[in-house]
Amino acid sequence: MTLTTGLDLAAVFVFALTGALTASRAQLDVVGFIFIAALTAVGGGTLRDLFLGRLPVFWVKDPTYIGVISVAALLVFFTAHLLESRYKAILWLDAAALAVAVPAGVFVALSLDHGFAVILMMGVVTGCFGGLMRDVVCNEVPLVLQKGELYVTTAFAGGLAAVLCLWLGLPVVFVLLACGSMTFLLRAGSIIFGWSLPVYRPRPKKDGPSN
Amino acid sequence: MTLTTGLDLAAVFVFALTGALTASRAQLDVVGFIFIAALTAVGGGTLRDLFLGRLPVFWVKDPTYIGVISVAALLVFFTAHLLESRYKAILWLDAAALAVAVPAGVFVALSLDHGFAVILMMGVVTGCFGGLMRDVVCNEVPLVLQKGELYVTTAFAGGLAAVLCLWLGLPVVFVLLACGSMTFLLRAGSIIFGWSLPVYRPRPKKDGPSN
Amino acid sequence: MTLTTGLDLAAVFVFALTGALTASRAQLDVVGFIFIAALTAVGGGTLRDLFLGRLPVFWVKDPTYIGVISVAALLVFFTAHLLESRYKAILWLDAAALAVAVPAGVFVALSLDHGFAVILMMGVVTGCFGGLMRDVVCNEVPLVLQKGELYVTTAFAGGLAAVLCLWLGLPVVFVLLACGSMTFLLRAGSIIFGWSLPVYRPRPKKDGPSN
């Protein structure tokens, strides 16, 4: 098993858990669990492969992924009722999956000899799009867009950390570790302490009290 | 005309009808009819071709599809007012299109020598994604996600039937017939008799009557 | 810089402005601005490249685009509060971007020697899908679907104009100018004068006054 496959498999499994938990909140049946789990789990990596022209996409080349997703979906279907808060579980599993998927995207772009800008973008795409599709299809407010949260920003910062380490000439394992840690720590800080960037707020047009 | 082209053309025509009918419910103009019809009709097959790396996608290789979609959209634009219930027409045409699109997806994966898991997935992707895009863009609740309905499940069962027949070594025509029939019969049963799988329902936390 | 690159760069910059302005209406942070700007700016061209099998997609081949998008997003982030009406700015910038993106799509299909139907479709895809993704993700009513507006229709008419000029054997520069002008004039007419095509309205079933 290569490093790419290992990272992809881990991200796929954990994203599939979040997809299945979202399906449980939408009260779908077991096939709906598998469908949303699959969409979430392979969404980001599939876009990455399409954009890079790495076809057929990873889960067609190696159907192990489909098995892993089905296992994750069934696991959630039969055990989700044991959870205190499914929303909290989604949040934290999603953070973990993000912290694996961003380095997975970075590593694929790196191994195809792309430049820094593309490496950064592939980290963001691989990390963010699975969860975005999950939320758009299930009609939840995309985590990507929630105010007062760092989400795309954490993937972006993870990608920047990777690019910085590459530029410094550090070994690949260190690059990926730095990328994943940066992503996870920022995301965890945002969940626990409410870390966020200032949002855009239009300047009021008049100074009157009625404004 | 090859078998793939024939199956694809039939699925494209019928899905285009459902797209145009959805556009009529959203009161779009005639170009909006063609746009939504095209999105619905080629959505699933386009994703299938992308995932498999079968590029350019089928409707770029053979522009007949674009003509077929335009005819379907115009047909609906000028005759939809004759229908008793457009919603019912959408339901049944969608069921018919699904029962052609799933074998179309299965056949393409089969003719590219993919394994059982990929064949199954391509049936589901080709069948379900056109309707999903139609519903997300038109802001209807996706048929894919409606509770108490079999939808993805029917595509899944159709794919399983195909894989089973292949495993038994049956001839391809029979494989495709079994796949389409299984899909259609389950979907029809779901529409007429309300067949469904049990949905996920969290176990109540307390036994009190207020729960 | 080739003509394709020039057209793509211009469309990307202007679409990125509309994406960032939509992000400002959703009160996102600066990374959210870049994310939505990128989705809008490269959405249509990315789909075009995928459908045509022109991989890796244009912004992976030439990362200049990513820089251009970031500049546009930052520009909006720091100056949007100076605008009288962000909605009006989005409308008009979107019209300008559409009038560049449609010829950009036409030109790519043309230079790959595709037929008229594919040239027309690629104009529509390149023009319309970036804005559609922006609106679906930000949960705004897609401009594509707003009643009493010409939108897809203007892209469609631009594509038809291009195909007509090609059929007449006119030089490519003229083809692209005709395509862009037709698109922009129709869109501007729709915004200013409310030009529209008749929308589908079901015939009332009874003649009674209560209908």
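**Exercise 1. How many residues does the contact take from chain C, and how many from chain A?**

Let's work through this predicted model together.

*Step 1.* Look for residues whose heavy atoms lie within 4.5 Å of the partner chain.

*Step 2.* Count them on each side: chain C brings 30 residues to the contact, and chain A brings 31 residues.

**Exercise 2. Describe the area buried between chain C and chain A, and find the three residues of chain C that supply more of it than any other three.**

*Step 1.* Start with the total. The size of an interface is often given as the accessible area lost when the parts come together. Between chain C and chain A, that area is about 2600 Å².

*Step 2.* Now ask which atoms provide it. Carbon and sulfur atoms give 76% of the area.

*Step 3.* Finally, look at single residues. Q27(C), V31(C) and F35(C) supply 23% of what chain C buries against chain A, more than any other three residues.

**Exercise 3. Which elements of chain C each supply at least two residues of the side that touches chain A, and which gives the most?**

*Step 1.* Check the polar links between the two chains. There are 0 salt bridges, and 1 residue pair is in polar contact, both at pLDDT 80 or more.

*Step 2.* Go through the helices of chain C. Those that each supply at least two residues are α2 (30–52), α3 (58–61), α4 (64–79) and α6 (116–137).

*Step 3.* Pick out the top contributor: α2(C) gives the most, with 8 residues.

**Exercise 4. Your turn to repeat the work: describe the contact of chain A with chain B.**

*Step 1.* Count residues. Here 30 residues of chain A meet 30 residues of chain B.

*Step 2.* Give the area. The two chains bury about 2600 Å² between them, with 76% on carbon and sulfur atoms. On the chain A side, Q27(A), V31(A) and F35(A) supply 23% of the area buried against chain B, more than any other three residues.

*Step 3.* Count the links. Chain A and chain B share 0 salt bridges, along with 1 residue pair in polar contact, both at pLDDT 80 or more.

*Step 4.* Name the helices. On the side of chain A that touches chain B, α2 (30–52), α3 (58–61), α4 (64–79) and α6 (116–137) give two or more residues. α2(A) gives the most, with 8 residues.

*Step 5.* Finish with the classes: this side of chain A has 23 nonpolar, 4 polar and 3 charged residues.

Conventions
Residues are numbered from 1 along each chain as its sequence is written. Chains are lettered from A and ligands numbered from 1 in the order in which they are written. This is a predicted model: local features need pLDDT of at least 70, side-chain atom pairs count only at pLDDT 80 or more; totals for chains, interfaces and linings use all residues. Side-chain values use heavy atoms; hydrogens and water are left out. Buried area is the accessible area (1.4 Å probe) that two parts lose on being put together, summed over both. A salt bridge is a side-chain nitrogen of Lys or Arg within 4 Å of a carboxyl oxygen of Asp or Glu. A polar contact is a pair of N or O atoms within 3.5 Å; within protein, one must be able to donate a hydrogen and the other to accept it, and residues adjacent in sequence count only if both atoms are side-chain atoms. Helices (H or I, at least four residues) and strands (E, at least two) are DSSP runs, numbered from the N terminus. Ala, Val, Leu, Ile, Met, Phe, Trp, Tyr, Cys and Pro count as nonpolar, Asp, Glu, Lys and Arg as charged, and the others, Gly among them, as polar.
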